[in-house]
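Here's a friendly walk through a protein model. Take a moment to look it over before reading on.

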Amino acid sequence: MRVFLIFVTLTCLADAQHQALMDYLERRLLAIEDRISLWHEQTNRYATELREFKQQMVAQIETLDKNKETLRTDLDSVGTRVDRVEREMDYLETQNGAQPCVDVDDKLVEQQVTVVKEKNKAKYAKATDCRDMISSIKAMKILKRVGGPKGMWTKDVGSSSGKVYIFNGTDEDTIYEFGSVRDFTISQGTSMAKTVKLPSPWRGSGHTVYNNHAYYVKEGKELRLIKYNLRNGSVADSAVFPVQDHVPVYSLTPETVIDLAADEEGLWAIYATKETERHISLAKMDANTLDIEQMWDTPCPRENAEAAFIICGTVYVVYNTALPSRSRVQCVFDVSDMVTNDDAPLVYFPKRYGSHSSLKYNPLEQLIYAWDDGYQILYKLAMKKKLEV
């Protein structure tokens with residue numbers, strides 16, 4: 001009996017120890033679970049904070065990128081303004097030069113003027129190997145009628161892309177771009193055209209397209225030349241045309257105050273002022289900066305003039321004649337003095353409708369793109385060398 005009691009006592013002690021061990025292990029497991037749960041919560045919180053911090057940094061980086069681009073644009077704009085101010089200051093200096101302190105002999109002045117003219121003549125004689133001039137109108141093709149009585153159509157004079165550009169009207173802001181002359185011809189109106197919205201309306205019909213840029217005139221308190229990039233749809237440059245008291249270039253197209261043209265030598269501006277009100281003036285321009293390189297007063301009258309075009313540095317002014325449905329080149333001015341009115345051949349345009357509001361020469365094709373009372377016409381030219389006249 002005593003042995004049994006001892007056995008029962010030992011068994012109870014063993015059970016108590018076992019229970020105590022189990023309780024201890026359970027407490028340890030609960031503590032570990034609490035720690036794991038705490039670590040889990042902290043990990044989630046840290047992950048959330050890290051994710052939010054990452055989002056904030058991404059937003060900050062995007063803002064910095066935008067600010068960087070804005071700053072770059074502002075710097076480019078400031079650079080353009082500085083260049084423009086420098087050009088206009090140069091122009092003001094030429095208009096308000098210092099008065100001479102001593103009297104200059106008139107003969108000496110004439111000699112200096114002669115030397116300058118000879119240098120300019122040599123400059124343009126060496127500027128290009130182009131010696132072509134118009135001989136006659138070889139053929140005429142009326143493509144279609146799109147738009148109003150006045151406008152302009154052309155190809156890119158400095159590119160062989162083949163695209164055709166339609167400037168309908170004298171005070172609009174939308175260009176119609178066709179992939180080719182054929183697309184323009186078969187299109188119902190302008191249905192096949194891509195529209196190019198300009199930032200401001202043009203004035204007149206004296207625009208041109210040269211090396212993927214549209215050059216046009218914006219009229220306001222001052223005449224501003226706009227150079228618009230047709231590839232990226234932005235204004236590449238602009239400048240005030242540095243001539244005061246403008247008058248229409250052609251009496252029969254009074255909306256055109258400056259007629260821009262491009263030929264083998266680059267960009268030109270045909271214009272007129274009150275100072276030389278009866279005659280047309282000519283300026284050679286830098287197509288990249290819109291700076292004026294040189295100016296000429298031509299003997300070509302504005303009266304009864306329709307339009308003009310330029311080939312190899314020679315401007316041909318077209319006038320309405322008394323003949324029915326005919327117009328004619330009646331005045332020629334060559335900056336290299338190789339061609340005069342006496343030497344120039346008689347060139348008649350078989351005009352059929354109203355009067356030409358624009359004539360744009362394409363040197364790559366030796367064609368003139370004409371706008372005649374809403375009709376788009378191609379004139380094929382017969383050419384000859386200036387030295388043959």
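What follows covers a helix, some strands and the nonpolar cores.

## Ground rules

This is a predicted model, so local features need pLDDT of at least 70 and side-chain atom pairs count only at pLDDT 80 or more, while totals for chains, interfaces and linings use all residues. Residues are numbered from 1 along each chain as its sequence is written, and side-chain values use heavy atoms, with hydrogens and water left out.

## A patch on the helix

Let's start with Ile-36, which sits in helix α1 (residues 2–95). Helices here are DSSP runs of H or I with at least four residues, strands are runs of E with at least two, and both are numbered from the N terminus. Ile-36 is partly exposed, with a relative accessible area of 47%; that label falls between buried (under 20%) and exposed (over 50%), using a 1.4 Å probe and protein chains only.

Ile-36 also belongs to a nonpolar surface patch of about 510 Å², along with Leu-29, Ile-32, Leu-38 and Trp-39. To join such a patch, residues need over 30% relative accessible area and no salt bridge, and nonpolar side chains (Val, Leu, Ile, Met, Phe, Trp, Tyr) are joined within 5 Å. A salt bridge puts a side-chain nitrogen of Lys or Arg within 4 Å of a carboxyl oxygen of Asp or Glu.

## An open sheet

Next comes an open sheet of four strands, in the order β10-β11-β12-β13, with antiparallel pairing. β10 (258–263) and β13 (292–301) are the edge strands; each has a single partner, so one side of each has no neighbour in the sheet.

β10 pairs with β11 (residues 266–271) over six bridges, and Ala-262 has Leu-267 as its bridge partner. Strands count as paired if DSSP finds at least two bridges between them.

## A covered hairpin

Is strand β18 (residues 356–362) mostly covered or mostly open? It's covered: seven of its seven residues are buried. Six bridges join β18 to the antiparallel β19 (residues 367–372), with Leu-359 opposite Ala-370. Four residues lie between the strands of this hairpin, where Gln-366 takes a positive phi near 55 degrees.

The largest nonpolar core has 24 residues, and Phe-309 and Phe-349 touch the most other members. A core is a set of buried Ala, Val, Leu, Ile, Met, Phe, Trp, Tyr and Cys residues joined through side-chain atoms within 4.5 Å. Elements giving two or more residues to this core include β18 and β19, while β20 gives the most, with four.

A second, separate core of 20 residues includes Tyr-210, Leu-223, Ala-239 and Ile-258.

Notes:
Patches are made of residues with over 30% relative accessible area and no salt bridge: like charges are joined within 9 Å, nonpolar side chains (Val, Leu, Ile, Met, Phe, Trp, Tyr) within 5 Å. Accessible areas come from the Shrake-Rupley method with a 1.4 Å probe; for residues, only the protein chains shown count as cover.
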